Amino acid sequence: MHDLAPLTALGSSAPQRDTIGPVTITENPDRALASVAARLGQDAACTKALASVLGTSAPDVAQCVQGPALGAFWMAQHCWIVDGPYDLDDPQTDLAARLKAELGDMASVTDQSGAWVRFDVHGDGLGALFERLCNLDMARMTDGTARRTMIDHLGCFVLSHRGGNTVYGPRSSAQSLHHALITAARSAF
Amino acid sequence: MNRLPTGGQIDRTTRLRFTFDGLPYYGHAGDTLASALLANGVRLMGRSFKYHRPRGVLSAGSEEPNALVQLRKGGRQEPNTRATVAELFDGLDAASQNAWPGLKLDALAINDRLSNFLTAGFYYKTFMWPAAFWEKLYEPIIRRAAGLGAITTDADPDGYDRGFLHCDLLIIGAGPAGLAAALTAGRAGACVILADEDFCMGGRLNVETHALGDQSGADWAAGVVAELASLPNVRLLARTTVLGAFDHGIYAAVERVADHLGQPEQGKPRQILWRIYSGRAVLCAGAIERPIAFANNDRPGIMLAGAMRAYVNRWAVTPAQTVAVFTNNDDGHRTARDLMAQGVDVAAIIDTRADAPACDGVQVMAGAQVVDSSGRLGLKSITVRQANGQEHRLSIGALGVSGGWNPNVALSSHQRGRPEWDDAIAAFVPGGALPQGMQVAGAALGQFSTQGALAAGAGAAIQALSDLGKTAQAPDLPMAEDGEVRITPFWHVGGTKARAWLDFQNDVTVKDVTLAHQEGFRSVEHLKRYTTLGMATDQGKTSNMGGLAVMAELTGQSIAQTGTTMFRPPYTPVALGALAGRSVGRDFRPTRLTPSHAWAVEQGAVFVEAGMWLRAQYFPRTGETGWRQSVDREVRATRGSVGVCDVTTLGKIDVQGRDAAAFLNRIYCNGFAKLAVGRVRYGLMLREDGIAMDDGTAARLADDHFVVTTTTANAVAVFRHMEFARQCLWPDMDVQLISTTEAWAQFAVAGPQSRALLQKIVDSEFDLSNDGFPFMACGEITVCSGCPARLFRISFSGELAYEIAVPTRYGDALMRRLMDAGREFDVTPYGTEALGVMRIEKGHAAGNELNGQTTALNLGMGRMVSDKKDSIGAVLSRREGLQEENGLRMVGFMPTSPQDRVIAGAHLLEKGAALRAANDLGYVTSACYSPTLDSYIAIGFLKAGDTRLGDVLRAASPLTGHDTEVTVVSPHFVDPDGGRLRA
């Protein structure tokens, strides 16, 4: 086990949590991400194999799913982001490597764990918060919806699941994205 | 005092103190600034734009052209605010504008005496000569004299939000039509947004005395609003102006969240700019009354008759104790009746119609006209010419004028739909192509009766929902007034040489329109620009029709033939802060931070913006008094031992697939098909036109897996370019791309001790010897006992160097570990300045050289463009014009005196040649002081530069005045044979 101490995207050793009015915004650094893109001509096979890995169907356009261990959301045509727990104790067995082992030449797999910051947003009134952040229609963001959008100029994914929303944004702009979320929450509540 | 003892929708139990021009007054909750001033007997509220004529309130709504005031002080000071829509709050500080030294005695009122000279087109005709006077003399004087309010130079302390709303049905305006539409759609369960610019929904229902069923209009409106508020599917946006109708059912609206407060609550915005995505929209924006022009019709106290009625009924204010009404339609009579019902003395109704109906309790002068008025700072009397030609004077304090009502068509015309003339109401109604999904109902469509508006609103909602596949039923609507419109168009009183105002805000008179016609400016668009009719904050809401009518008279055309000017957003003025939203100051755009940012902050680094990235520019140490000292030290330390620089910002693109190598072979102009696994190659990519686009490296991690690096600046552009090629040019290739710029923290470790430093942190099973990991090697390794990492032996500095990458979350820790481990080597962090110095010393091209105008040949890399394969840009790079032997070539320059500074951007000339374009031989692109050579050095592009080594030239900058004698040298100042790289 190596001895390099990780930092969260917001630059701390522990994730930040903010409760503003009815909403709680929590940085979630404990997820590993990997992109899965079907190789040419392998769309169907890759989709099927991914379903097997996930334990549920691969998400369709603008959807996210959660399997027993892994979740995934649609990113582009025949391209998904798979997420699972980030194993700090054994980063060698990273998610991307495991997926590549399962999918072989059906897919190109790239580790994306460090590319994104994730904020989980829970509470009542998410619509009032997100209407000040992005152009998604929250009334239509039912559980299992995943949409790409812009939040304060940042390209983000917003996933609606488990009664809350997850925002994935570019990790290097984590502080800007956090500022946007906090400012909008203070404005809304 | 003009506050009526009873009535109105003000809260008389709440007394609000406010000031106007420093004098204290009191009003009530529910007042606007205009109603409160009128209640306090203040009729004079401003001065006109050009003639500085005394002006009072004309309207009771957002169409107000006259009563423009300045609100608040300091950073919250807001000019040109309409007193008619400024909601009164305790402590409101209001001031008049465009007057000096005071509102009552204004020095520039002299302009009024000079009005014969200051006619339409005065500026264009007068300030023609001498030309040099315009910018230095005329314009400053005119700017000082003109304008209305003054903008504050203090920063706005308030926040503004931007947001996004979605609905099935957007209803614009909450008058009778809008409320009926909202009730219909709301009860049907549709997602409804009802927006109204007023703080009290109800529109004209709040200002009229007609009953709706057994209720007053205001009570019915309040009941409906209460029901709508209880529906979860209905969103009520009061104090919200829909500013514009855009494509695909999208509307912009500003919600004034806190303009009615002294200041916003902590953390809350002052205003929100909403973008509303609607399935359908119903425009229920009502109608705007128009005045009749007559001599001196602009005095304080002369106002629209409907506004006078509104002040009496809604705010319990009469503008004066004795009033009269001048009208061409029955609606003017309604004003007289309402005022008399409130005990106001109505001296007469002057009705231009010969067949004007009688009105109980007041004399109706049928066929009469108001031909003049008097009263310097406020109306004292009017002169009436009766039908028989006799004139006599009426002493009154206020005159209500009604020339009829114009449907408020503005939003219906934002997609270039042209209104159509309706003879029945003598006004334009919405016409042509309405914005997608829009219907119009109520007075905005010319349906002026309350009953008609209610029915039309409900009908429009049913139709709109039907279009969306939903069903709705009309609610039981109350019986209401259903009178017909009776009007005889009458636009202005003729037969006078005195000025009769059409546009109060811009001081445009009937004479000005006549002059425009006389001088050939007859198109309405020309008329507008020549006279300024309909410009500025009110956009001619009360004036355009009058101007068009006068022009129509003059040209002999109908008003329909004359047409209207173009309607454009925004409907009413918008604070720039609302448009900016939260994108101001430090939040103007997001910031990107490198993984070692926190560590660099601890070191006291000075940062520079590189796109959105904040990069450490240099790391000053105690005792260093200037950036040069720091940078020189960092360069010497790196070249002398080892330095570390965060290079995470370089773009990284993961390229995978069976055809990854073939794909890169087409993207880069040099060959990549045969690059071995575990090796890195420098690559140059060209645009389609053969110009260099970007450079970087591609590392082959596996047969089907590459990592491409780009410059920081072009990371996004290169990714987009490659995606375009993948998806559109070669969709048959098996290639997948994804950015990994943020996924890896990457550090350059450069200098003769770089290997020794890395050997302390790279796990021992990885051989870093020169044989085991030679120049341009790459590999996936582990560091610090198992942390996954990637290592590339590449060098931008020209030294023995590596770039090492770890997952981003470990970047901070790795930087600290490198510093700890490197202590024995005096490891030095270096920033972008030292990075730049070292690459110039090495002669590496960067953004300054890859400037979108240069080719591989210009860059000295012509032979890299392989002729053994095809690649993007290869063919066009061989164009004759790009192959000239005398073309620009990248070379180095050293000043003949080492301490003479060479400036980037300097142009190259022969010694003794004059500094002009004809003698230009090229230009310097990058320059720095080289601590390695103890001299200024530079690189740049020189005509046939490769044949001129040793020549002495001038490097002169006409911008900075630098003029340096330089010798042309190789651009590779340091280690030209590359021995250090391969050590």
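Hi everyone. Buried area is the accessible area, with a 1.4 Å probe, that two parts lose on being put together, summed over both. Keep that in mind as we look at this predicted model.

Let's start where the chains meet. Chain A and chain B bury about 4200 Å² between them, and 48% of that is on carbon and sulfur atoms. Three residues stand out: Arg582(B), Arg809(B) and Tyr810(B) supply 19% of the area that chain B buries against chain A, more than any other three residues. In the contact you'll find 53 residues from chain B and 51 residues from chain A.

What holds hands across the interface? There are 5 salt bridges between the two chains. In one, the side chain of Arg235(B) meets that of Glu131(A), at 2.7 Å from N to O. We also find 32 residue pairs in polar contact across the interface. On the chain B side, β8(B) gives the largest share, 6 residues. That side divides into 22 nonpolar, 14 polar and 17 charged residues.

Now for some backbone details. Most residues other than glycine have a negative phi, and most peptide bonds are trans. So where are the exceptions here? The bond from Trp100(B) to Pro101(B) is cis, with omega near 5 degrees, and Pro101(B) sits in the loop between β7 and α2 of chain B. Another cis peptide bond joins Pro569(B) and Pro570(B).

As for phi, Asp152(A) has a positive value of about 45 degrees, and Arg72(B) has one near 65 degrees. Asp152(A) counts as partly exposed, at 25% relative accessibility, whereas Arg72(B) counts as buried, at 13%.

Technical notes
Residues numbered from 1 in each chain as written. Chains lettered and ligands numbered in written order. Predicted model: local features only at pLDDT ≥ 70, side-chain atom pairs only at ≥ 80, totals over all residues. Heavy atoms only, no water. Contact = heavy atoms within 4.5 Å. Salt bridge = Lys/Arg side-chain N within 4 Å of Asp/Glu carboxyl O. Polar contact = N/O pair within 3.5 Å; in protein donor to acceptor, adjacent residues only side chain to side chain. Helix = DSSP H or I, 4+ residues; strand = E, 2+ residues; numbered from the N terminus. Nonpolar A, V, L, I, M, F, W, Y, C, P; charged D, E, K, R; others polar. Buried < 20%, exposed > 50% of the residue type's maximum accessible area, 1.4 Å probe, protein only.
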